[in-house]
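Open the model in your viewer and keep the selection tool at hand. This tour goes stop by stop, with something to pick at each one.

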Amino acid sequence: MRPIGYVRSPYGDPSEVPRGLGATHEAEGALEIRAEFEPGLADIEGFSHLIVLWVFDRVEGFALTAQPPSDTRAHGVFATRSPQRPNPIGLTVVELLGREGAVLRVRGLDMINGTPILDIKPYLSNIPAEHLRRGWLAEAEERARQ
Ligand SMILES: C[S@@+](CC[C@H](N)C(=O)[O-])C[C@H]1O[C@@H](n2cnc3c(N)ncnc32)[C@H](O)[C@@H]1O
């Protein structure tokens with residue numbers, strides 16, 4: 001795989017991205033797509049939200065368990081969003097604010113400036129909220145409320 005573009009983000013370092021229970025991701029920035037791939041953006045303006053697949057390019061190695069900042073307990077890496085995973089691929093849903101040519105202005109970034117983008121897809125959630133289970137995160141949120 002090769003990057004289709006790069007993230008322009010206000011965050012310069014992973015430590016600057018808000019983390020933990022209650023963290024919100026409102027940061028605005030851009031997805032700068034390489035000119036050769038611009039035709040692939042045709043009709044993307046009609047979607048309010050996009051799934052961005054990207055590379056955790058500032059991590060080395062992985063661990064099969066991770067203790068997320070939102071919990072005091074460790075979990076299997078595939079039950080978390082830890083950057084240290086066997087294939088360091090990140091997934092972020094962003095709001096599409098506008099498009100200028102090959103540049104998509106977006107809100108909701110949790111990746112740092114210069115992060116390579118692997119792919120973009122329209123966000124189409126069709127799972128009713130009442131069918132979603134949030135696993136250990138719901139338990140961690142409940143403990144934090146007590
Ligand atoms: C917990 S991960 C979740 C990322 C994505 N939403 C996901 O679910 O795959 C978010 C963290 O990744 C780190 N991060 C952001 N950009 C990165 C990069 N290019 N390389 C390594 N770590 C990065 C930041 O510390 C940020 O807090």
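A patch here is built from residues with over 30% relative accessible area and no salt bridge, and nonpolar side chains are joined within 5 Å. Bear in mind that this is a predicted model.

**Stop 1: a surface patch**

Select F62, L64 and F78. Together they form a nonpolar patch on the surface. Is L64 buried or exposed? Exposed means over 50% relative accessible area. L64 has 54% relative accessibility, so it counts as exposed.

**Stop 2: strand β5**

Go to G76. This residue is found in strand β5 (residues 75–76). G76 counts as partly exposed because its relative accessibility is 35%. G76 and A66 are ten residues apart in sequence. In space, the C-alpha to C-alpha distance between G76 and A66 is 6.3 Å.

**Stop 3: the second largest pocket**

Select I4, I33, F37, G40, L41, A42, D43, I44, D119, I120, K121 and P122. These residues line the second largest pocket. Its volume is about 160 Å³. Which strand gives the largest share of the lining? Colour strand β8 (residues 116–122): four lining residues come from there. Then colour the lining by class. Eight residues are nonpolar, one is polar and three are charged.

**Stop 4: salt bridges**

Side chains of opposite charge can pair when their charged atoms come close. The cut-off for a salt bridge is a side-chain nitrogen of Lys or Arg within 4 Å of a carboxyl oxygen of Asp or Glu. How many salt bridges does the model have by this rule? The count comes to 13. The next selections are examples.

Start with E32 and R8. Their side chains meet in a salt bridge, at 3.3 Å from N to O. This pair links distant parts of the chain, 24 residues apart. E32 is in strand β2 (residues 28–33), and R8 is in strand β1 (residues 5–8). E32 has 31% relative accessibility, so it counts as partly exposed. R8 counts as partly exposed too, at 34%.

Move to D71 and R143. They form a salt bridge, and the closest N and O atoms are 2.6 Å apart. Which parts does this pair tie together? D71 lies in the loop between β4 and β5, and R143 lies in helix α1 (residues 135–145), so the pair ties together parts that are 72 residues apart in sequence. Show the surface around both. D71 counts as buried because its relative accessibility is 7%. R143 has 27% relative accessibility, so it counts as partly exposed.

Stay on helix α1 and select E142 and R145. They form a salt bridge with the closest N and O atoms 3.0 Å apart. Both residues lie in helix α1. They are three residues apart, about one turn of the helix. E142 has a relative accessible area of 37%, so it is partly exposed. R145 counts as exposed because its relative accessibility is 61%.

**Last stop: a network**

Select R2, R34 and E36. What links these residues? R2, R34 and E36 are joined in a network of salt bridges.

Terms used
Residues numbered from 1 in each chain as written. Predicted model: local features only at pLDDT ≥ 70, side-chain atom pairs only at ≥ 80, totals over all residues. Heavy atoms only, no water. Patch = residues over 30% accessible without salt bridge, like charges linked within 9 Å, V, L, I, M, F, W, Y side chains within 5 Å. Areas by Shrake-Rupley, 256 points an atom, 1.4 Å probe, with all protein chains shown as cover. Buried < 20%, exposed > 50% of the residue type's maximum accessible area, 1.4 Å probe, protein only. 1 Å grid on protein atoms, 1.4 Å probe; cavity = no way out; pocket = protein on both sides within 12 Å on 5 of 7 lines; lining within 4 Å. Points joined across faces, edges and corners; volume = space filled by probe spheres on them. Helix = DSSP H or I, 4+ residues; strand = E, 2+ residues; numbered from the N terminus. Nonpolar A, V, L, I, M, F, W, Y, C, P; charged D, E, K, R; others polar.
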